[in-house]
Amino acid sequence: MPRAITILTEQFADWETGLFNASARLYYGFDTRFATPQGKPVLSSGGMLVTPQLAIDDIDLDGLDVLLLCGGPAWQGAGAPDIKALLREAQRRQVVLAGICDGTRVLAQAGLLDHVRHTSNSADNLASIDTYAGAALYQDVPHAVADGRVITAPGTAPVTFTAAVLASLGIADDGLKNYLALHAAEHGRQG
């Protein structure tokens, strides 16, 4: 059974990783879990209270397929969890690393966007990070960008984010295409 852990912080953006976790668990049999600082419940930006299964410090990378970083304002604050070592070790072990919105900032802080194509909410969002050295590879696009086992997306792209993460794990069947098209349909019918 594939395993995915999503890291959430206080005021996390509900919509950003929800589609991935729902489709991965319901349709593809993933073991989906959530981790937070100290394993404490967190309140989403929409007011949903989430009680996680584990603390960030207790994440076991053995057998983990994907580690998702959900966005939210906490990643820009001084009290943001320092998970650079965890991310670097996950990359070394070939775990898919996926950051959306300000989750991309965490990947950049760990130096994981310095040598891969990537995106974020904006180029300025990453340029403000002192250690970020990947500006030449930044893609100014409204959808997810996958480069190897690193996936990034702006917070407005949960559908392409879900598709890119699942595709990185070899999942790209017609059922998934139809499911994602259903969620993206409103963007094709304007006017």
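Where does T162 lie? T162 lies in helix α5. The legends below start from there.

This is a predicted model, in which local features need pLDDT of at least 70 and side-chain atom pairs count only at pLDDT 80 or more, while totals for chains, interfaces and linings use all residues. Residues are numbered from 1 along each chain as its sequence is written, and side-chain values use heavy atoms, with hydrogens and water left out.

View 1. Helices (H or I, at least four residues) and strands (E, at least two) are DSSP runs, numbered from the N terminus. T162 counts as buried because its relative accessibility is 0%. Buried means under 20% relative accessible area, exposed over 50%, and partly exposed in between (1.4 Å probe, protein chains only). Set aside the neighbours within four places in sequence, and T162 is in contact with L19, F20, S23 and L180. Contact means heavy atoms within 4.5 Å.

**View 2. The buried residues of α5.** Helix α5 covers residues 158–168. Its buried residues are P158, V159, F161, T162, A164, V165 and L166. What covers them? The cover includes helices α1 and α6 (174–184). It also includes strands β6 (66–69), β7 (96–100), β8 (145–147) and β9 (150–153). After α5 comes G170, with a positive phi near 85°.

**View 3. T17 in helix α1.** T17 has its place in helix α1, residues 14–28. T17 counts as buried because its relative accessibility is 3%. Leave out the neighbours within four places in sequence, and T17 is in contact with T6, L68, C70, I100 and F161. F161 is also one of the buried residues of α5.

View 4. Seven strands make an open sheet with mixed pairing. The order is β5-β2-β1-β6-β7-β9-β8. The edge strands are β5 (54–55) and β8, and each pairs on one side only. Two strands pair if DSSP finds at least two bridges between them. Helix α1 packs on the sheet and touches β1 (3–7), β2 (31–36), β6 and β7. The direction of α1 makes about 150° with that of β2. Helix α5 packs on the sheet too, touching β6, β7, β8 and β9. The direction of α5 makes about 175° with that of β7. Axes are lines fitted to C-alpha atoms, for helices over the stretch in contact, and angles run from 0 to 180 degrees between N-to-C directions.

View 5. How do β7 and β9 pair, and over how many bridges? They pair in the parallel sense, over four bridges. L97 stands opposite V150 in β9, and I100 has A153 as its bridge partner. Strands β8 and β9 run antiparallel, joined by three bridges. There, V145 has T152 of β9 as its bridge partner. β8 and β9 form a hairpin with two residues between them. In the turn, G148 has a positive phi of about 65°.

**View 6. Helix α6 against α5.** The two helices pack at an angle of about 165°, with axes 9 Å apart. α5 and α6 are therefore roughly antiparallel to each other. Angles under 35 degrees count as roughly parallel, over 145 as roughly antiparallel, 65 to 115 as roughly perpendicular, and the rest as oblique. The crossing of α5 and α6 is right-handed. A crossing is left-handed if the near helix is turned anticlockwise from the far one by less than a right angle, and right-handed if clockwise. V159, T162, A163 and L166 in α5 meet L176, L180, H183 and A184 in α6.

**View 7. Helix α6 against α1.** α1 and α6 pack at an angle of about 145°, with axes 12 Å apart. Their crossing is right-handed. From α1, the contact is made by L19, A22, S23, Y27 and Y28. From α6, it is made by G175, L176, Y179, L180 and H183.
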